[in-house]
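Open the model in your viewer and keep the selection tool at hand. Each stop below says what to select and what to look for.

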Amino acid sequence: MQTTEVGQNSEIKQVIGSLCMMNNRFMNFMLDDNKKAAQVFLRVILGDDKIKVRNVRIQSFIQNIYGHSSQLDILAQDSEGRYFNVEVQRSDEGAPARRARFYSSILDTHFLQPGKLYEELPDTYVIFITENDVLHDNLPLYNIRRRIDENAKCFEDGSRIIYVNSQRRDNTALGKLMQDLYCTEPKNLHYHEFAERMEFLKYSKEGEEKMTDVIEEYAARKAEALAKEAVKEAAKKAEEKEQANRIELAQGLLADGMSIEFTVRHSKLTEAEVRELASKLSA
């Protein structure tokens, strides 16, 4: 029993040790109520060292009574009242253009209170950090704003959508930030604002306890994988048994002098398999 517990603890530490910020849950823990870390993200991505984060929340649920509701990964607000929604997407299917549009619109409906003027609607930024270059132009960053087609001028409505391509990990400030997203060791991080938090989460008892959800999610995924493996193994054994029955039937038919064609039709084996059995019987 004690050996099993030690093994489980070792496995949990391995799981925690392998986590990086491209893991959505781990990113949430890294930025939860961590204004300094969120500030680094926004300053580097937007190229603005004057951004001051006032608050940051994770897994913010925004209710939409008229349609689809949303749970935002990370929602931050700066000292100017602007809102920033940061989403980490490892799957290309999780970052379609229309999802970004929807998130932008749901921020608008949530933050414009009844009786307020449209001019009081805060500026919003929806930022998708993607594992792959989902927009396919090999750019490190895609800064998307509405514009007027006839004169190519920006239509300044206060909303912006940004896609960050995490595959571009060069030695620029943004490239180093992308490197940090895949880093698993605090000592190897470029931005010290992340290092202290990662050290706490990975190498302290309190941090481990804080990440119970991550560990439970891992355990659930492992149990699901084991269950799928068991189903596959059972299917494999059933197929092996069925194949053995087909071979036994074919051998009997051939021994009784039935033709290759007849044996193939009734045993459900391939012609090549039946001919191989026939050659062994006649040897």
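The model is predicted: local features need pLDDT of at least 70, side-chain atom pairs count only at pLDDT 80 or more, and totals for chains, interfaces and linings use all residues. Residues are numbered from 1 along each chain as its sequence is written, and side-chain values use heavy atoms, without hydrogens and water.

**Stop 1: the largest pocket**

Select R101, S104, R146, S159 and I161, which are the closest to the centre of the largest pocket among the 15 residues that line it. The space in this pocket is about 330 Å³. A pocket here is an open set of points on a 1 Å grid over the protein atoms alone, where a 1.4 Å probe fits, with protein on both sides within 12 Å along at least five of seven lines; lining residues have an atom within 4 Å of a point. The volume is the space filled by probe spheres set on the points.

Which helix supplies the largest share of the lining? Select helix 4 (97-111); six residues of the lining come from helix 4. Strand 6 (159-165) also supplies at least two. Helices (H or I, at least four residues) and strands (E, at least two) are DSSP runs, numbered from the N terminus.

Colour the lining by residue type: six are nonpolar, three polar and six charged. Ala, Val, Leu, Ile, Met, Phe, Trp, Tyr, Cys and Pro count as nonpolar, Asp, Glu, Lys and Arg as charged, and the others, Gly among them, as polar.

**Stop 2: helix 6**

Within helix 6, F194, A195, R197, M198, L201 and K202 are buried (under 20% relative accessible area; exposed is over 50%, partly exposed in between, with a 1.4 Å probe and protein chains only).

**Stop 3: N34**

Select N34, in the loop between helix 2 (24-31) and helix 3 (35-46). Is N34 buried or exposed? At 14% relative accessibility, N34 is buried. Leaving aside neighbours within four places in sequence, N34 is in contact (heavy atoms within 4.5 Å) with V56, E193 and R197.

**Stop 4**

Select H136, in the loop between strand 4 (124-130) and strand 5 (141-144). Its phi is near 65 degrees, positive in a residue other than glycine, and H136 is exposed at 63%. N138 is also found in the loop between strand 4 and strand 5. N138 has a phi of about 55 degrees, again positive without being a glycine, and is exposed at 51%.
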